[in-house]
Amino acid sequence: MAARPLTIIEKIWNAHAILEREDGDTLLWIDRHYVHEGSNHGFGQVAARKAEVARPDLTFGIADHYVPTRQRESRGASAEIRNMIDLLEQNTARHRVSLFGLDDAQQGIVHVVMPEQGLTLPGLLIVCGDSHTSTHGALGAYAFGIGASEVAHVLMTQTIWQKRPKKMRVSVSGQLPEGVSAKDLALNVIAGLGSGGATGHAIEYAGDAVRALSIEARMTLCNLSIEAGSRLGIVAPDEKTFAYIEGRPHAPHGELFERAVEEWRKLPSDEDAVFNAEMAFDAAAMTPTATWGTSPEQALPIGARLPDPADIEDETKAQGVRAALEYMGLRPKMAMSDISIDRVFIGSCTNSRIEDLRAAAAVLAGRRAVVPGLVSPGSMLIKQQAEQEGLDKVFVEAGLSWEASGCSMCVGMNGDIVEPGQRCASTSNRNFKGRQGPGARTHLVSPAMAAAAALTGRLTDVRPLLAGRKP
Amino acid sequence: MKPFRTLEGAACPLPLANIDTDQIISARFMKRPRSEGGYGQYLLYDFRFDEDGKARDFALNDPRYSNARIVIAKRNFGCGSSREPAVYALADYGVTCVIAPSFGDIFASNSIRNGVLPAAVSEADADALLQSAHVLAGLPVRVDLAQQTIVAGNLSVSFDVPMQWKARLINGWDDVDMTRAHAGEIAAFATKYESENTWALPKR
């Protein structure tokens, strides 16, 4: 009998299953565990048990959530913040875990740096105490976010207990039009699925439009999987993936790389593999998109008008729309393009890679922003590359501030916050109430759309601004 | 971990969908050590207090629910960030059961590890509980994990919880102890896996 056709999700799962209990819980082997300042609760549990880190060689630390983007020499905006960075340094040193620390040339955001360093590879099982760990799926890794108790468990055992997820395939056909990016694609997928639509599922992204995306763009797409409720999103590795990985510092080299590629070629889902759910989207029909509300599912094309709760039948949904309009200070049926913007943020694990910076700079070049903005590259190496390409000058000449790398204004932990009541066009991943600071109002957009908003002071269709320019 | 069998106490109605973990505990509180007074004081803080720290008109500030042991909400409770401090905030406040039609995956998994039961009910049952006069009066609601039932006065509904999680909660099992019982199998797996997949080890 021929073997049952398998999805990439099942193939990686099976390769890491140590044992399965009768109740279906499976103990999985972990190839990489990434830790950051927020992992201190996990390290605390290890200390409370007087335990050791089982595999420091498979554990990598990075300072990102609390690091200052300006005045790095301060080592943090307050004593409490500095303490978070100190704790990470102490915990990693104590357990002999390598750390990309505040002063390292390779420092940056965990979901940017680990792929950049060649630590994230196809077929690996990767965890991190951060829900955007789904990002690493862009390289064909099975990667998901975990909580502090699970962090502690992985530190002590290099394993994790999991239930098999259901499998969802999100197929995107066609070609994204010019000016429409992976961020717009992801926002459309989330709006289509709903913010809890993929809960309990692992998503495989497939189809021509996904294959056409660069690795950086796939990272943006996979990054946002959790905003549809899915703990992980994955794209089957292909020639682009292998080319991205080859030569990176911690990736296999030479003959070992060739052998790895042979293994990676076996990963894509088998032709007849069965998914529990199939969703289809048409890339060609998508336009630049932004969120207007307080859930990532509340996203609309830039040419649309806001919903009116009076028109919505589902009472829970109508109530959500009413509450979001009120918090955001917006009116039903107003045009998306009439929403004014007080500032922009270009950064975060979603959109801070070199391509993102290039896309924003292409819109801003030779133009002047009418609102303030912060640009925080995804890693210090990306910052360096952008400066070699002269992108920093474009941002600064446009009037935006060009700073160091970290999670920054996506989550405001380091003190980079949006003032109460202010409205920010942000390339980050969450428009939750208060996410960017108490009372802050967030509109999620692509880097190009953030640049367009900076130029006009309102949500703006970037496409006319790209006319005659190389995107 | 303390076993979870039954629970009886007031249930705080939060008739909202998509209460994300940023709402349950704001990032700005997470740099404070939990050992200093617990995280219960930060639970749903921006719902409870305005910019000046004045109490808002919000269920948890209502004397009927201020000592709640249970929270009832609408769909997708605990979506978003993986922050386990969201569960610490509930547990430290005294809430050890959340009733909702669905939960964020990571939140639910974190709950189990802290003895907090995420009880999944149908949308209709969530609405019935949220509108129940018994619940609204702040009278005790009874949750029975073995039976998977919730009783609020004359209203009785059943709830779902994955059986693996049910066993963990009822027995108070600790993951790390459970895993250590398999130390031999883990070591054997690691040896075989790493010899067959040398490429998977990070290059130093």
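## The parallel sheet of chain A

Two strands are said to pair if DSSP finds at least two bridges between them. In this predicted model, 5 strands of chain A form an open sheet in the order E5-E4-E3-E6-E7, and their pairing is parallel. At the edges stand strand E5 (98–100) and strand E7 (142–145) of chain A, each of which pairs on one side only. From one strand to the next, the twist of this sheet averages 20°.

Within this sheet, strand E3 (residues 32–35) and strand E4 (residues 59–62) of chain A run parallel and are joined by 3 bridges, and Val35(A) stands opposite Gly61(A) in E4(A). Helix H5 (residues 148–157) of chain A packs on the sheet, where it touches E3, E4 and strand E6 (125–128) of chain A, and the direction of the helix makes about 130° with that of E3(A).

## The antiparallel sheet of chain A

An antiparallel open sheet in chain A is built from 3 strands in the order E1-E2-E8. Strand E1 (17–20) and strand E8 (159–162) of chain A each have a single partner strand and stand at the edges, so one side of each is left without a neighbour in the sheet. The twist here averages 20° from one strand to the next.

The pairing of E1(A) with strand E2 (residues 26–29) of chain A is antiparallel and extends over 3 bridges. In this part of the sheet, Leu19(A) stands opposite Leu27(A) in E2(A).

## Where chain B meets chain A

The contact between the chains takes 76 residues from chain A and 59 residues from chain B. The area buried between chain B and chain A is about 5400 Å², and carbon and sulfur atoms give 54% of this area. Of the area that chain B buries against chain A, Lys31(B), Trp199(B) and Lys203(B) supply 15%, which is more than any other three residues.

Between chain B and chain A there are 8 salt bridges, and the side chains of Glu194(B) and Arg55(A) meet in a salt bridge at 3.0 Å, N to O. The two chains also have 28 residue pairs in polar contact, counting pairs with both residues at pLDDT 80 or more. Several helices of chain B, including helix H1 (21–24), helix H7 (163–171) and helix H9 (183–196), each supply at least two residues of the side that touches chain A. By class, that side of chain B has 25 nonpolar, 13 polar and 21 charged residues.

Conventions. Residues numbered from 1 in each chain as written. Chains lettered and ligands numbered in written order. Predicted model: local features only at pLDDT ≥ 70, side-chain atom pairs only at ≥ 80, totals over all residues. Heavy atoms only, no water. Helix = DSSP H or I, 4+ residues; strand = E, 2+ residues; numbered from the N terminus. Axes fitted to C-alpha atoms, helices over the stretch in contact; angles between N-to-C directions. Contact = heavy atoms within 4.5 Å. Buried area = accessible area lost by both parts, 1.4 Å probe. Salt bridge = Lys/Arg side-chain N within 4 Å of Asp/Glu carboxyl O. Polar contact = N/O pair within 3.5 Å; in protein donor to acceptor, adjacent residues only side chain to side chain. Nonpolar A, V, L, I, M, F, W, Y, C, P; charged D, E, K, R; others polar.
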